[in-house]
Amino acid sequence: MLLLAMSIGVAAVIALTSLGEGARRYVADEFQALGTRMIIVIPGRSETGGVSPGMLSGETPRDLTLSDALAVQRLPGVARVAPLVVGSAPASVGALEREAPVMGSSSELMPVHGFVLARGDFLPPGDLSRDTAVAVIGNNIARELFPGREAIGGNLRIGDRRFRVVGVLADQGRMIGMDSQELIIVPVSAAQALFNTESLFRLLIQAHTRDDMTRVRDATIEAIKLRHQGEEDVTVITQDALLSTFDRIFTALTLTLAGIASISLAVAGVLIMNVMLVSVSQRTSEVGLLKAIGATRGQITALFLTEAILLSVAGAIAGMAVGFGVDWVVGNIYPSLPLNPPVWAIVMALVVAILSGVVFGLMPARRASRLDPVAALAGRR
Amino acid sequence: MIDLQNICRHFQMGDQEVRALDQIDVHIESGEYVSIMGPSGSGKSTLLNVLGLLDRPTAGTYLLDGRETTSLDDEELAHTRARKIGFIFQSFHLIPRLTAFENVELPLVLAGVAPEVRRPRVQELLASLSLESRAKHRPNELSGGQRQRVAIARAMVMQPAVLLADEPTGNLDHISGAEVLAAIEGLNARGITLLVVTHDAEVAQRARRHIRMRDGKVVEDAT
């Protein structure tokens with residue numbers, strides 16, 4: 001009973017904190033996958049300083065255009081710029097047709113975003129405004145629209161325009177909500193024509209070095225402000241800022257979960273106290289005997305305290321086993337979630353378990369040590 | 001050895017004051033064999049508890065080995081009990097989770113005696129009480145007589161000067177009782193002071209000195 005309570009407490013701490021940690025690291029890994037040294041320009045000014053891309057793509061006072069991208073390209077410290085236009089369009093080959101997310105960008109997208117090709121080529125480098133009718137498609141798209149034959153070299157109709165397939169993306173799993181297997185990438189101007197828009201969804205900038213990040217970010221804001229009649233109407237976020245924000249959120253989350261789990265540890269502590277009190281009253285005559293053969297109060301206190309601590313440590317170890325078991329099961333169900341309880345959580349769970357053994361064992365132990373030996377020997381309290 | 005002067009022990013039972021011990025004066029020399037008899041409630045068990053330093057007298061002085069004990073604190077009392085006094089109880093009071101060996105070893109463990117000193121001493125004692133084959137058994141695997149002999153070994157392991165026995169044969173059949181009495185009388189023959197509280201006149205007759213109590217007073221003290 002006591003062991004169970006203690007192990008549930010410790011298991012809860014381990015499982016919950018590792019879930020929190022896992023979620024944090026999952027998000028961190030996702031952003032890491034975005035590519036390094038990345039700066040993202042989003043049209044629209046965010047006054048709140050929030051970070052959710054979905055939240056920020058609301059109103060657009062002034063469009064972000066291709067010429068903005070070209071201006072940013074010329075800034076010092078900028079290695080690469082990849083404009084991004086995103087939409088969804090029907091893609092068809094002959095009679096086969098399906099809806100697919102379409103991304104308009106440039107040849108720079110591959111290194112900036114970290115795309116990997118299975119075969120063929122990526123978008124050709126060159127003038128951003130030139131509208132070459134080529135497309136790079138995801139694995140699934142290739143399989144579905146070109147069943148049983150090679151997609152590269154084949155013709156693909158997206159909306160009312162025709163494209164020649166030049167490359168197929170390797171399967172990289174999901175990259176922040178975009179499944180690279182289900183994606184069609186075309187030159188940015190083609191996408192603009194396709195979706196009949198001049199504005200860009202995002203501008204992805206890669207700095208030369210990590211140290212350039214701040215400088216490039218400030219310069220980008222300045223350059224675009226200049227081009228937009230002095231109005232700072234874009235939001236520029238760096239990967240670092242994004243990461244640290246998510247880090248803070250998830251650390252807070254993990255701590256909250258740990259706090260909740262600690263409450264169960266405290267409950268287990270109260271249970272320890274009850275069990276120990278029962279054990280003291282059951283063993284009253286033994287305490288009397290110990291006193292008769294010369295045990296001091298200190299020795300009797302130490303005896304019962306040791307027992308309480310041993311019980312809680314045993315519970316803690318059982319709980320750790322259960323906690324890791326839960327992690328293992330969850331890890332098998334969601335393999336992409338890196339589930340490892342943080343070291344501090346394991347240490348904390350153990351320390352709290354032992355501490356509650358001491359704290360809640362102390363009262364019963366002292367009660368035992370204060371029993372009157374004559375009454376105790378007779379089995380009375 | 002033991003010198004009780006004007007010892008009183010009063011209990012408060014509701015509004016009534018019970019005089020369990022009423023002005024007891026007893027002097028016991030080292031090596032004596034004393035039986036204490038009396039009806040229930042006569043105060044003989046209280047006397048034994050006071051003698052064993054488990055209970056404090058309300059008034060009077062108790063000199064053990066020439067030392068005043070009524071002013072000692074709990075810690076000192078525990079140490080004195082450990083070193084000078086051995087107890088044997090009617091219901092044995094062995095710890096059921098420990099083997100016979102471990103039960104006997106317990107006082108030495110509490111006194112902080114090193115394991116390599118403990119081991120031979122316990123073994124020797126168990127052998128002297130013909131218990132060497134039962135050393136690894138738990139109390140519930142032993143007969144009543146064996147249990148009481150384990151309790152005797154435990155009482156003796158610290159080599160006390162006084163052995164206090166509270167109805168040592170009360171839970172035993174005639175033969176086991178005789179064995180147990182023979183064992184403690186053997187110890188007395190080797191110099192230990194032996195006090196036996198009993199109801200049983202036959203047991204009491206074996207002692208060399210007989211103290212009879214009634215209503216908290218010594219009514220007879222004969223050799």
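In strand S8 of chain B, the residue that bridges to Ile36(B) is Val197(B). Four bridges link strand S3 (residues 33-37) and strand S8 (residues 193-197) of chain B, and the two run parallel. Strands (E, at least two residues) and helices (H or I, at least four residues) are DSSP runs numbered from the N terminus.

This is a predicted model: local features need pLDDT of at least 70, side-chain atom pairs count only at pLDDT 80 or more, and totals for chains, interfaces and linings use all residues. Residues are numbered from 1 along each chain as its sequence is written, and chains are lettered from A and ligands numbered from 1 in the order in which they are written.

**The sheet**
- Chain B has an open sheet of six strands in the order S6-S7-S8-S3-S9-S10, with mixed pairing (two strands pair if DSSP finds at least two bridges between them).
- Strands S6 (85-88) and S10 (217-222) of chain B each have a single partner strand, so one side of each lacks a neighbour in the sheet.
- From one strand to the next, the twist averages 20°.

**Helices on the sheet**
- Helix H1 (residues 44-51) of chain B packs on the sheet and touches S3, S7 (162-166), S8 and S9 (209-214) of chain B; contact means C-beta atoms, placed from the backbone, within 7 Å.
- The direction of H1(B) makes about 150° with that of S8(B) (axes are lines fitted to C-alpha atoms, for helices over the stretch in contact, and angles run from 0 to 180 degrees between N-to-C directions).

**Contact between the chains**
- Chain B gives 19 residues to the contact and chain A gives 14 residues.
- Helix H2 (74-84) and helix H3 (100-110) of chain B are the elements that give two or more residues to the chain B side.
- The largest share of that side, six residues, comes from H2(B).

Definitions and conventions:
Two residues are in contact if their C-beta atoms, placed from the backbone, lie within 7 Å.
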